[in-house]
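The structure comes first, and the notes follow by topic.

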Amino acid sequence: MSAPAGGGLAWRQARAGLLLALPSAALILVFFFGPVLYGLWLSLTDFDLYAIGDPSAARFVGLGNYAQALGAPDFWNSLRITLVYAFVGAPLSVAVSLAAALLVDARTTRWKPFFRAVYFAPVVTTLVAVAIVWRYLYQPQYGLVNAFLGRFGIPHVDWLGDPHWALPAILGLAVWKNFGYNLLIFVAGLQNVPRELHEAAELDGASGWQRFWAVTLPDLAPVFLFVSVTTVINYFQLFAEPYVMTQGGPLKSTNSLVLLMYEQGFRWWRLGYAAALAFLLFAVILAATAVQMRLQARERRA
Amino acid sequence: MRPRTGTLLLNAVLVAGAALTVAPLLWMLSASLMPTGQANTSPPPLLPSRVTFEHYVELFSHLNLARPFGNSLLVSAVGTLCTLVTGSTAGYAFAKLRFPGREGLFRVLLAAMLVPAQVGMLPLFLMLKGMGLVNTYAGVLVPWLASVFGIFLVRQYAQAIPDDLLNSARLEGAGEWRIYRSIVLPNLAPVLATLAVFVFMSSWNDFLWPLVVLSDDRRYTLPVALASLVGEHVQDTELMMAGAVVTVLPVLLVFIVLQRWYIRGVMAGSVKG
């Protein structure tokens with residue numbers, strides 16, 4: 001670049017860069033980071049229904065909301081349920097995705113694109129709509145689930161009405177709805193595992209199962225970490241499934257943290273308390289993500 | 001002989017899995033065509049005794065579902081357009097234009113991906129209330145104005161545009177705006193198509209935010225309208241299934257037609273970690 005013209009060009013480029021980048025950045029700062037900081041302040045106040053009419057009515061209460069949450073049985077109940085969603089539901093979902101991906105990617109599988117598309121279809125559907133569909137599928141008398149299981153002699157279950165079964169039933173819908181997403185990512189990862197590695201292991205007499213443990217899984221490790229971390233985060237944020245299917249019941253047995261936050265915030269208008277719940281959820285997600293990263297790093301060193 | 005049995009078994013398992021996967025969707029469609037009451041019989045019928053479209057007619061006449069359908073279409077279309085404009089401009093700027101503070105600003109934006117969306121939701125509601133945007137289309141659109149994911153996606157792709165191409169245009173006297181319009185945008189077309197499909201579907205399916213920000217049923221999007229409909233018509237299985245079909249069908253069609261672009265977005269998203 002020639003010196004005199006370069007100076008002018010550089011300045012024009014910087015101006016264009018700012019003009020093109022700043023509006024989007026400003027929108028994200030104002031409508032995302034702004035609310036997050038505002039929420040932090042909100043969580044330190046007793047902002048409630050009265051404060052909505054007159055924000056100056058909200059008083060600073062320090063960590064009062066957090067202390068209240070940590071002393072509330074409802075919070076611990078929702079935290080426990082959310083942890084089950086995240087650490088039973090998410091691993092189950094990842095396992096189903098991986099198993100299906102191995103089948104779809106197998107050498108002798110026919111119509112690969114067809115199966116990929118079919119398994120992916122639930123991912124693109126509208127969660128609220130399919131949650132309603134599953135509500136009817138789980139219906140004890142007329143639902144297809146009981147009719148299907150009945151064929152194998154399994155007695156009828158009141159899936160969404162029984163506190164022991166409602167949570168597994170919701171996980172059933174959640175796994176069905178999203179396993180196709182990770183399947184796609186796993187299939188892409190599997191296609192990057194070099195064929196020669198498999199062939200070499202086969203020549204050494206390794207069985208299919210041994211090859212899976214010794215070749216496929218280690219090679220898939222980075223994909224696996226990404227998939228587990230993002231899936232766990234998503235299951236931490238479960239909301240529409242219990243909202244539509246059980247409203248958090250029966251006996252609050254499916255009441256996720258986000259649903260609790262929604263109810264406290266938008267049904268009871270305890271916005272200060274609900275903001276504190278949101279930040280507690282954030283803290284739990286960060287901690288869970290850190291633990292997964294740490295575990296995976298240790299695994300790799302071992 | 002053995003490998004053939006293996007192949008057969010493998011494909012049988014895949015077919016069974018596929019059948020289980022589509023069964024809920026097929027039943028939804030089938031039940032939506034059943035005469036009133038047929039779905040609530042035991043054992044549950046798989047096919048309509050007589051195909052009827054009465055539930056669809058009722059949805060669009062008496063229950064006026066066309067309104068939320070139009071709302072969803074409007075919000076998703078405008079939201080997609082906004083994300084495309086902000087994503088393509090900022091994504092290109094962060095990838096290719098040198099300006100002071102570029103790296104720092106980009107890192108700040110990336111940090112937003114770490115924060116769960118729910119954390120900002122209550123305060124955003126209060127902010128919009130202060131601005132008079134609660135219960136408006138603009139209020140529903142706010143989260144779709146600019147997306148960090150979109151900026152990130154476009155930036156990744158724009159980095160592959162050769163600098164020489166841009167610099168030679170500059171030396172020929174083209175202004176930066178013209179370069180963006182006539183060189184950058186055409187080059188970004190594939191990634192913008194991916195982003196468009198992605199955002200359209202996410203905003204069509206979005207539930208929590210429209211539920212929070214909309215209180216007037218004339219502005220409800222389809223998922224919110226459906227969730228409120230099930231409250232009143234929980235007994236009308238066939239009618240609710242017709243409503244579910246109407247909600248799901250547009251996104252399924254978009255997916256089937258534009259599969260290639262959508263799948264590319266999933267892959268690109270998986271690289272971001």
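From the N terminus on, the elements of chain A run α-α-α-α-α-α-α-α-α-α-α-α-α, where helices (H or I, at least four residues) and strands (E, at least two) are DSSP runs numbered from the N terminus. The model is predicted, so local features need pLDDT of at least 70 and side-chain atom pairs count only at pLDDT 80 or more, while totals for chains, interfaces and linings use all residues. Residues are numbered from 1 along each chain as its sequence is written, and chains are lettered from A and ligands numbered from 1 in the order in which they are written.

**Chain A**

- Chain A has 13 helices and zero strands.
- The radius of gyration of chain A is 25 Å, well over the 19 Å that the globule rule gives for 302 residues, so chain A is more spread out than a compact globule. This radius is taken over C-alpha atoms, and the rule is 2.2 Å times the number of residues to the power 0.38.
- Taken along the principal axes, the C-alpha atoms of chain A fill a box of roughly 80 × 75 × 40 Å.
- Of the 302 residues in chain A, 41% count as buried. A residue is buried if 20 or more other C-beta atoms lie within 10 Å of its own, exposed if 12 or fewer, and partly exposed in between, with C-beta atoms placed from the backbone.
- Among contacts in chain A with a separation of 6 or more, 67% join residues 24 or more positions apart. Two residues are in contact if their C-beta atoms, placed from the backbone, lie within 7 Å.

**Helices α8 and α10 of chain A**

- The axes of helix α8 (residues 166–191) of chain A and helix α10 (residues 208–236) of chain A come within 10 Å and cross at roughly 170 degrees. Axes are lines fitted to C-alpha atoms, for helices over the stretch in contact, and angles run from 0 to 180 degrees between N-to-C directions.
- That angle makes α8(A) roughly antiparallel to α10(A), a label for angles over 145 degrees.
- On the α8(A) side the contact is made by Asn182(A), Ile185(A), Phe186(A) and Gly189(A), and on the α10(A) side by Leu220(A), Val223(A), Val227(A) and Thr231(A).
- These contact residues divide into five nonpolar, three polar and no charged. Ala, Val, Leu, Ile, Met, Phe, Trp, Tyr, Cys and Pro count as nonpolar, Asp, Glu, Lys and Arg as charged, and the others, Gly among them, as polar.

**Chain B**

- Chain B comes to twelve helices and zero strands.
- For chain B the radius of gyration is 24 Å, well over the 19 Å from the globule rule for 273 residues, so chain B is more spread out than a compact globule.
- The C-alpha trace of chain B spans about 75 × 70 × 35 Å along its principal axes.
- Buried residues make up 45% of the 273 residues in chain B.
- Residues 24 or more positions apart account for 77% of the contacts in chain B with a separation of 6 or more.

**Tyr157(B)**

- Tyr157(B) lies in helix α7 (residues 148–158) of chain B.
- Tyr157(B) is buried because 21 other C-beta atoms lie within 10 Å.
- Leaving aside neighbours within four places in sequence, Tyr157(B) is in contact with Leu188(B) and Val191(B).
- Tyr157(B) and Tyr180(B) are 23 residues apart in sequence and 14 Å apart in space, C-alpha to C-alpha.

**Contact between chains A and B**

- The contact takes 76 residues from chain A and 76 residues from chain B.
- Helix α1 (residues 3–42) of chain A gives the most to the side of chain A that touches chain B, with 24 residues.
- That side of chain A divides into 61 nonpolar, 13 polar and two charged residues.

Conventions
Parallel < 35°, antiparallel > 145°, perpendicular 65-115°, else oblique.
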